[in-house]
Protein chains: 2
Amino acid sequence: MLDGVSLDHLRIFIAAADEGSFSAGGRRLRRTQSVVSQTLANLEAQLGVKLFDRSSRSPVLTRQGLALLAEARAVVSRMDVLKARAKGLSDGLEPDLSVVVDVVFPLDQLTGAVAAFQEKFPATPLTLYVEALGAVLQPVMTGRCAFGVMGSLPTAPGQLTRERLLSVRWAFVASPTHPLASLKAPIPAGVLAQHRQLVLTDRSELSQGKDFGVFSSNTWRLADLGAKHAFLRAGLGWGGMPTGVVETDLANGSLVRLDLEEVPDANLVMAMFAVFRTDTPPGPAGRWLIEHLKSGSATPARTAKAKRARFQP
Amino acid sequence: MLDGVSLDHLRIFIAAADEGSFSAGGRRLRRTQSVVSQTLANLEAQLGVKLFDRSSRSPVLTRQGLALLAEARAVVSRMDVLKARAKGLSDGLEPDLSVVVDVVFPLDQLTGAVAAFQEKFPATPLTLYVEALGAVLQPVMTGRCAFGVMGSLPTAPGQLTRERLLSVRWAFVASPTHPLASLKAPIPAGVLAQHRQLVLTDRSELSQGKDFGVFSSNTWRLADLGAKHAFLRAGLGWGGMPTGVVETDLANGSLVRLDLEEVPDANLVMAMFAVFRTDTPPGPAGRWLIEHLKSGSATPARTAKAKRARFQP
DNA sequence: AGAAACCATCGCTTGGGGCGATAGATGCTC
DNA sequence: GAGCATCTATCGCCCCAAGCGATGGTTTCT
């Protein structure tokens, strides 16, 4: 034995204190009265503290006993936490979860799912990375993240599995002060190419040379969606944005939608997928999170519902 | 045994994980390597979780093992807290401390001492009551409070011990709009008696009929020092206040000092005492707090020092 | 190849946890 | 007040899990 006082000692102490009687405490734990008596005498000796006043018929906690009772509860409660955690792990729950999400993924959908996740799996630490485009892929490949959330794969290695989550509507926009904004008719590619396009980029090598929706050779590359947003509003160029991000701008006129000849009906959508390595599929927690990132499983939050209504008119 | 997993299991787990080796972990705990091996196998079986990957030469924690290691540390750490607490109690430290303090006790001295107390005895819950005059005595008599802090005892039962703490300077004041305020010469008792005096009182029976510094038969009795303060400032009467409470009022003129004929040199001080039942003297924590309530042991806080300087010009 | 670690497994011993019995004390009931 | 029920303390006994030492297999370093 490494230490005189054990968990069983504390459990017997708690039972006796709760029941107000050694005998009753013993009954609760299916132990004889004698072991309770001996154990508590032993515990008192180990701690050097009188826990019970035995002068009356049934023992009553001393003040010291009351103080240590709270400590004892804390100890066994912590042990119960450990066992609960172990139970989860033995059922296959992953000990922690790292996820990387593309910036263009709808924020409210993400926050709603993550909030629900924390409530559902409070013991599972969740680490969230937000990256752009190809930068999502890298941590998934290396295994640092259990899965990633990203748009159409520029290059889809065979070792990856992807699973459709939802679609992000896309709009090409510009500031109302921008020359393109005054053109009502569908804009042909030739005209587009004459104006600087703002393009989201990232620092990874995986998406090098793989451009998505780039119509102009005159481009500025921005690694941050918020920066791109600000540049667009400042009239420094035109480019595509998720409609969810710019809808208030479109409503109040600080950005206007561009009608492109190449994109009929402005119906551009980008499908978003959960992507993970086929050899290490997500465990229960990761799977749960993936399910709750799908469009059908929006959180009951009001904002999410409103957003969905706008997405499917 | 009430439960398969014990504290010793966790301690062995922690040692092995820390050392990165079963043998080294065993050495640290003065146990054979075989018991470490067996114990960990047993623990893994109990929890249903593989803690170590034994495929390589020296075992390495699995992800689950890493997660449970943190939990294990939490459990034994909580147990260490319990034992530390028990150690304090066995050394005679009281499990908790209740104290009742008279409102007129200098606030900064009190807060300083209490703050230092919480730092010195973080495990000892401190309950503080603030009462007026005789109301301080009652919880001390009944034993609900280990000691009380109060002014001169109106009636000093022999079963109480008192110990001097510090002196509170006292001033008789009134609003500048009050008729007495315009009298420069020392005011005789006869004149005082013609004006309403505001007197601090309390709801206990112990101070019934025992008035302190009452010169007028026309009195209003206030159970709250703050209320008395407000009444004085409103010009509703005259009365005594601790100088510490009214010094800013005296400085900015919202109250003026009265020069009483009965009280030469305005040198009225009220000695304050720690009072406790002789049969239950305070333990180490209580004694520590009493020492730090004395005037010489002011906290190093700037305000307290400044206040003391003003008190002893 | 050999030494030196490491871990798993197997008997063997032993100490503490648990049981039952007993005795003394206290409170309830008739 | 006698009898009964229930409580705690203590004793002797049993037994299992914890611990030990030895053995064997494996990896790493020299």
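Which polar side-chain atom lies 3.5 Å from a phosphate oxygen of DNA strand C? The atom belongs to Arg31(A).

This is a predicted model, in which local features need pLDDT of at least 70 and side-chain atom pairs count only at pLDDT 80 or more, while totals for chains, interfaces and linings use all residues. Residues are numbered from 1 along each chain as its sequence is written, chains are lettered from A and ligands numbered from 1 in the order in which they are written, and side-chain values use heavy atoms, with hydrogens and water left out.

Around DNA strand C there are 20 residues, a residue being near a strand if one of its heavy atoms lies within 4 Å of it. Thr32(A), Phe22(B), Ser23(B), Ser37(B) and Arg54(B) come nearest. Of the atoms of DNA strand C within 4 Å of the protein, 60% are sugar and phosphate.

DNA strand D has 21 residues around it, and the nearest are Phe22(A), Ser23(A), Ser37(A), Arg54(A) and Thr32(B). Gln33(A) instead places a polar side-chain atom 3.0 Å from a base nitrogen of DNA strand D.

Methods:
Polar contact = N/O pair within 3.5 Å; in protein donor to acceptor, adjacent residues only side chain to side chain.
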